Each structure stands twice: as C-alpha cells, then as structure tokens.
Amino acid sequence: MDREKILEVLQVAKRLDEKNLVNAFEGNISTKKDGLVYITPTGKNKALLTEEMVAVIDSDGRQVGGNCKPTSELPMHMETYTIRDDIGGVVHCHPTFLTAYALCCKPVETRAYPEMMGNFDYFQVAPYGRPGTEDILKGAIPILKHHDIVILGNHGVLAVGATVTDAMNRVEAAEAITKTVFIANALGRQADLSPEECDFFFSLNQK
C-alpha cells in the first residue's frame, strides 16, 4: 500500500470540505495506483478523516486496508477507472450549483464565457441511475470517454483526472463556472461571442 496515496485522499477530502463541496453524507474521493484503489469511507466527516480510515480496495473489489467500510459509491469508482487508461483519480460530490442543475437534469452551457468553452466545452447530464449501484454510471460512460466532468441526473457531479488532485481542481472550477453562468442567466441574456470565436475556444478542448 502507498501512504502517499492515502495522504493525497486526505488532503483532497479536507480541501473539498473547506470549500463546502462535500460533507459527512455526500461526496466521495478516490485515487488509484498499482491496481489498488484508495477511497473515502462511508458516513464520515471528510475533514476528520485519518489515514487508518481510508479504505484500500484491490482489483477484485476486496478491502485490503483501512479500518472503515468504503463509501457505498465504491462500484461507481471502480467502474470509472475502466473507462479510460488516463484516469487516476475520481471525485464525486454534490456542490450547490452543479447539483441544482443535476436535479433539473439541465446541462450547463454558454457561448459567452471563453474560460468555460476552452477548458470544458460544456457540462453534459447523464440520465439518472440509482446511487450506490452500477446503474448510476451507465449513462455517464459515453460522456466520460471524451470529457472529464459529467453531471449525474438527479444526483450530483463526477470528475476525473490523472490524479485525484486534478479531479478536485476540475470540480472546484466547474462549480465556480456554473455559479457564474446561473447568475448571468438570472441577470439577463448572455452576450454570446461570434460563431468563429466560439469555435476557436471549443477546439481547445477536444479529446
């Protein structure tokens, strides 16, 4: 087992808690190395986790480390790692604005915000799947093959990265962007950029 990976999970869990992006009952975090998945436990305050509480799961789904039961979303994390070879970290959480869009099953889109278009394209919504089961990820798999973030219908958001820190950064950015888009829509009609300008920024984020 890799203590560095355990500490990485703890660091990300603490930061996401400080940002109010997770709580004791919502959100889970994992990273993978050498066939082992290091994942947050179920029902624990993310800011109070210790090294011993991080569950370590082998490729057969057996717990081989940690003294706490892993999150009920373990099947979703294990399946996510099979989607792309470059996924080394997963963050699932329920940020306020992204989750509001998830509950409405609405994608987050803009043609006025260069930073969103250039970094993310837009945030697509996967059909609802029951939390804690493999069904939650079925509709998200086609999206995650080409994108690093997906809104899970009626649930929350899932982000991936080469590391769990990368996934965390994407969640933080996505929530900030979604809040801005929501406020802009409340203020009035967004001032869209020209089609040529939009095409340029969208082209920066092609997988």
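Helices (H or I, at least four residues) and strands (E, at least two) are DSSP runs, numbered from the N terminus. The model on screen is predicted: local features need pLDDT of at least 70 and side-chain atom pairs pLDDT 80 or more, while totals for chains, interfaces and linings use all residues. Residues count from 1 along each chain as its sequence is written, and side-chain values use heavy atoms, without hydrogens or water.

**Stop 1**

Eight of them form an open sheet with mixed pairing, in the order 4-3-2-1-5-8-7-6. Two strands pair if DSSP finds at least two bridges between them. Go to the edges: strand 4 (63–65) and strand 6 (125–126) each pair on one side only.

**Stop 2**

Select residues 36–39, strand 2. Leu36 and Tyr38 lie on one side, Val37 and Ile39 on the other, and all are buried (under 20% relative accessible area; exposed is over 50%, partly exposed in between; 1.4 Å probe, protein chains only). Strand 1 (residues 28–33) runs antiparallel to strand 2, joined by four bridges. Tyr38 is the bridge partner of Thr31. In the hairpin of these strands, two residues lie between them, and Asp34 has a positive phi near 50 degrees.

**Stop 1: the cores**

A nonpolar core is a set of buried Ala, Val, Leu, Ile, Met, Phe, Trp, Tyr and Cys residues joined through side-chain atoms within 4.5 Å. Select Leu16, Ile29, Val91 and Phe123: among the 36 residues of the largest core, these touch the most other members. Elements giving two or more residues to this core include helix 1 (3–18), strand 5 (89–93) and helix 3 (96–104). Helix 7 gives the largest share, seven residues. Another core, of 20 residues, lies apart from it and includes Ile57, Ile83, Leu137 and Leu152.

Return to Phe123. Beyond its neighbours within four places in sequence, its contacts (heavy atoms within 4.5 Å) include Leu98, Met116, Ile151, Ala174 and Ile177.

**Stop 2: helix 7**

Select residues 164–187. Helix 7 has 24 residues and spans 35 Å from first C-alpha to last, close to the 34 Å expected at 1.5 Å a residue; that expectation is 1.5 Å times one less than the number of residues. Its buried residues include Val164, Met168, Val171, Ala174, Ile177 and Val181.

**Stop 3: helix 8**

Select residues 195–203. Cys198, Phe201 and Phe202 are buried in helix 8. Look down the axis: the buried residues line one face, because they fall within an arc of 100 degrees, taken from the directions from the helix axis to the C-beta atoms. Helix 4 (114–120) is part of what covers them.

**Stop 4: an aromatic pair**

The whole structure has three aromatic pairs. Rings of Phe, Tyr and Trp (its six-membered ring) pair with centres within 6.5 Å; planes under 30 degrees apart are stacked, over 60 edge-to-face, the rest tilted. Select Phe200 and Phe201: the centres are 5.1 Å apart and the planes at 75 degrees, so the pair is edge-to-face. Phe200 is partly exposed, at 44% relative accessibility. Phe201 is buried, at 16%.
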